[in-house]
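Please read them alongside the coordinates.

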Amino acid sequence: MIVNRPAGPAADRPRRATSQSAALLTGVGIGLALALAGCGGGAPAGAVAPPRADVTATGLPGTDTAPAGGTASPTTAPAASTAPLAGDSPAAAAGILTAYFAEIDDASRAGRVADVAALALPGCQACALDVGVTRDLAQRGLRTDADPYALSAVDAQPRTGLACAVTFLATTSTVGLLDPAGRRVDEAPGVPVRAGTAELALSGGGWRIQTIRYARRQP
């Protein structure tokens, strides 16, 4: 037997709400992937969304992998798992880079806006993209169930004056998106491993990231 449903705005409201919710979650997933996947050759790009591997650099010990964010509170701001090294050495520059990715990871899992003011210069476009994704997640009440980045092969090059380049490999894995109750409501697609280079500048406050660039993917 077919049951007739009432017509009009009241009947359309559930369908419209479901459509808007799906569009919102889809937008988050796309935002997490596009920052890195959309990067061409030399243009800066960032990304967010996947478990972080141990990171090593010349003179820099590996970082500890933080636990998945399933038990983290969206309102909690955990301390970064990697403390940057002080000084003006290449190893210290690598420490700033790993601390930056650790902060993006932690903020994404906790559902808060990443704070990279002490790690990156205001003009870093890739950093603005990464922070923007964490802000979007926080505004929507979502968080990831794993770290956004997995880094490997971090290698600080010899400094040139007040500049230092740090090369690395970054993998953005597929991660789940959790609502405030910890329910998985969607997922953000990952991006295969890509080579990256961070350019850091030395100022009175130490090394800070000036830009992050990813190599063009091979066809």
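1. Arg184 is partly exposed, its relative accessible area being 48%. The model is a predicted one, and this accessibility is computed from it. The class follows because a residue counts as exposed only over 50% and as buried only under 20%.

2. Arg184 takes part in a salt bridge with Asp145, with an N to O distance of 2.9 Å. Asp145 sits in the loop between strand 1 and strand 2, whereas Arg184 belongs to strand 5 (residues 184-188), so this contact ties together parts 39 residues apart in sequence. Asp145 is itself partly exposed, at a relative accessible area of 22%.

3. A salt bridge also joins Arg184 to Glu187, where the closest N and O atoms are 3.1 Å apart. Glu187 has a relative accessibility of 41% and is therefore classed as partly exposed.

4. Which residue meets Asp147 in a salt bridge? The partner is Arg109, at 2.3 Å from N to O. Asp147 lies in the loop between strand 1 (143-144) and strand 2 (150-156), and Arg109 in helix 2 (residues 90-110); the pair therefore ties together parts that are 38 residues apart in sequence.

5. For the structure as a whole, the count is eight salt bridges. Among them are the Asp147 and Arg109 pair, the Asp145 and Arg184 pair, and the Arg184 and Glu187 pair.

Definitions and conventions:
Residues are numbered from 1 along each chain as its sequence is written. This is a predicted model: local features need pLDDT of at least 70, side-chain atom pairs count only at pLDDT 80 or more; totals for chains, interfaces and linings use all residues. Side-chain values use heavy atoms; hydrogens and water are left out. A salt bridge is a side-chain nitrogen of Lys or Arg within 4 Å of a carboxyl oxygen of Asp or Glu. Helices (H or I, at least four residues) and strands (E, at least two) are DSSP runs, numbered from the N terminus. Buried means under 20% relative accessible area, exposed over 50%, partly exposed in between (1.4 Å probe, protein chains only).
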